[in-house]
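Subject: The structure I promised you

Hello,

Here is the structure we talked about, ready for you to open.

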Amino acid sequence: MPGMAVTDHHFSVPLDHADPDGPAVTVFAREVADPVRTGDDLPWLLFLQGGPGGKSPRPTRPDGWLAHALRTHRVLLLDQRGTGRSTPVTAATAARLGDGLAAYLRHFRADAIVADAEHIRRALCGDRPWETLGQSYGGFLTLTYLSQAPEGLRACYVTGGLSGLTAGADEVYARTYPRVREKVERFYARYPGDVATVAAVAGHLAAGDVRLPDGDRLTVRRLQTLGMLLGMGDGAERLHWLFDEAWDGAALSDTFLRQVMALTSFAETPLYGVLQEVIYAQGGAPTAWAAERALRDHPEFAPGAEPLLFTGEMFYPWMFEELSGLRPFAEAAHALAGTRDWPALYDPARLTANTVPVAAIVYHDDMYVDAELSLRTARSVGNLRYWVTNEWEHDGVRASGDRVLSRLMDMAAGRV
C-alpha cells in the first residue's frame, strides 16, 4: 500500500487457553512497516484497539500516530478475537451456537485477548518482548497484560484507557451519568437552537411509528443513544449536523434516518454491546444490567424530560429486543449479565511491583473513562508516568496527529 509494506498473519489459538486441546479460533493480525525498512531488525509495537469488540484500524496511508511509530517500529494491528477477520462473532454465530452462545462469549474478555497476544508474540518475536499502544479498552487490556504476562512487554503506552482496578460496573455507571449530562449540557450551550430541534424530533417519534431503513422502530430512547458521539473531539459537531438535516417537510428525512440507523444499530459490532458491562465483571458479583439500574437514579434522562438528554456508552436490556442487530444476542446478554464466577482481570500486587515502563495520557474531560478512576489506577501501578490534559477528548491519539504517541514514547524512555 502507499507508504506501507503490509503483511497479513493468521494464528490458530485455543478458544479456551485453559484447554489447549479444545476448540480453536483464528486470530488475524496485520503487520505494517516502512517499505524502506522491511529488512531491518525493528522492535514491534502491538496496537490494542478500543471497544470492547472493536477491530483494528484499516490504514489507508501512513499518517498520525502510525506514521510516527513506523519511523522506529514494526506495527502489528490486531483484530481481537471475535472482530474483523478473527473468527468474527456475528448473527450467524449466534444462530449456530444457540443456547451455547453465552458460554462461548465468556472467552472473549481481556484475559483471553492477552493470552492470544502472547501466543502471537512468541510466534513472531520468540522470547523478545514487544511494546504496546492501548487505546481506550486497549488500555484495560494493557493492565491485564501487565498483570498476567509482564515478561512479554518492553514498554506500554496507554491513551484514555486506565480502568479502575477494583471498580465494578455499578461504580462505573454511577460515575458515567453525571459526565454524560455535562457533555449534553455543553452541546446545547454550543448549539442552543438544537434544544427545540431535538425536542421536535422526539415528539414526532413519541406520537407515531417511525421506521428506520432496516425496519426497526426509531423510539425516543434509541434516539437518546446518539449521545455516544459526544465523547469524541468532533462529536458535538457531528451530532449538530445530523439534526440540521432531520426534517423533510413534516416527516423525518431519509438522510437523517439512514444516519441514525448506522450510528445506533450495532449490527456490525454486536460484541460491543454484549461485552460492554462484562469487561468490568470480577469476582462474585454479576453486572446485572448496571447501566439500567443506575439510570433509575437519574430521572433527568427520562425520554419525556425537557430538555431531552442523550445517553452515552450504556447498553440496556431493551436494546437487545428492539435492535435487530442485537436481537440474536439477547439470551446470551441476559445470561452474561447474571454470571457471577468471573475470574480476576488485574493483579494489584503485581501491578504495584511493575517494572515495565508505562506512559499514559488521561483525558480530564473523558466521557467514557472516568478520570478520577484513571488517576487512582495510575498511582497504583509501578513505573507508570501519566499526563493529564483537556486538550483532547477520548480520541486524542487520532485527533492529535502524532503528538500524543510521540510524547508518550518520550515519557516512557525518560526523555520528558
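Below is a short tour of what was found, from the overall layout down to single residues.

Please keep in mind that this is a predicted model.

**The two domains**

The protein is divided into domain 1, made of 5–166 + 346–413, and domain 2, which covers 176–338. Their C-alpha centres lie 27 Å apart. On the domain 1 side 30 residues take part in the contact, and on the domain 2 side 33 residues do. Together the two domains bury about 2600 Å² between them, with 62% of it on carbon and sulfur atoms. Three residues stand out here: P52, M367 and Y368 supply 30% of the area that domain 1 buries against domain 2, more than any other three residues.

If you colour by secondary structure, look for an open sheet of 8 strands in the order β1-β2-β4-β3-β5-β6-β9-β10, with mixed pairing. β1 (5–14) and β10 are the edge strands, each pairing on one side only. On average, neighbouring strands of the sheet are turned by 20° against each other, direction ignored.

One example to find is F11, whose bridge partner in β2 is V27. The loop between β1 and β2 holds D21, which is exposed, with a relative accessible area of 76%. The C-alpha atom of D21 is separated by 25 Å from that of T90, a residue 69 positions away along the chain.

Further along the sheet you come to β5 (130–135). Is β5 enclosed or open to the outside? Buried means under 20% relative accessible area, and 6 of the 6 residues of β5 are buried, so this strand is largely enclosed by the rest of the structure. Both of its faces are covered, with W130, T132 and G134 on one side and E131, L133 and Q135 on the other. In a regular strand the side chains alternate between the two faces of the sheet.

As for its neighbours, β5 pairs with β3 in the parallel sense over 4 bridges, and L46 has T132 as its bridge partner there. β5 also runs parallel to β6, joined by 6 bridges, and E131 finds its bridge partner in A155 of β6. The chain gets from β5 to β6 through helix α5 (residues 137–148), in a right-handed β-α-β crossover.

Then comes β9 (residues 358–363), where 6 of 6 residues are buried as well. V358, A360 and V362 point one way, while A359, I361 and Y363 point the other way. β9 is joined to β6 (residues 153–159) by 4 bridges, and these strands run parallel; here T159 has I361 as its bridge partner. β9 also pairs with β10 (residues 384–389), again in the parallel sense, over 6 bridges, and A359 is partnered with R385. β9, helix α16 (residues 371–378) and β10 make a right-handed β-α-β unit.

**Helices across the sheet**

Helix α4 (residues 110–125) lies across β1, β2, β3, β4 and β5, running at about 125° to β1. Helix α18 (residues 403–412) lies across β3, β5, β6, β9 and β10, at about 140° to β9. The buried residues of α18 are V404, L405, S406, L408, M409 and M411. After α18 comes G414, with a positive phi near 80°.

**Some backbone details**

A cis peptide bond also joins E306 and P307, with omega about -5°; P307 is in the loop between α12 (290–295) and α13 (319–322).

S136 is not a glycine, yet its phi is positive, about 55°. This serine is found in the loop between β5 and α5 and is buried, with a relative accessible area of 11%. W289 has a positive phi too, near 55°. W289 lies in the loop between α11 (270–275) and α12, and at 14% relative accessibility it counts as buried.

Technical notes: Residues are numbered from 1 along each chain as its sequence is written. This is a predicted model: local features need pLDDT of at least 70, side-chain atom pairs count only at pLDDT 80 or more; totals for chains, interfaces and linings use all residues. Side-chain values use heavy atoms; hydrogens and water are left out. Buried means under 20% relative accessible area, exposed over 50%, partly exposed in between (1.4 Å probe, protein chains only). Helices (H or I, at least four residues) and strands (E, at least two) are DSSP runs, numbered from the N terminus. Two strands pair if DSSP finds at least two bridges between them. A crossover is right-handed if, with the strands pointing away from the viewer, the path from the first strand over the helix to the second runs clockwise. Axes are lines fitted to C-alpha atoms, for helices over the stretch in contact, and angles run from 0 to 180 degrees between N-to-C directions. Contact means heavy atoms within 4.5 Å. Domain bounds come from an automatic or database domain assignment. Buried area is the accessible area (1.4 Å probe) that two parts lose on being put together, summed over both.
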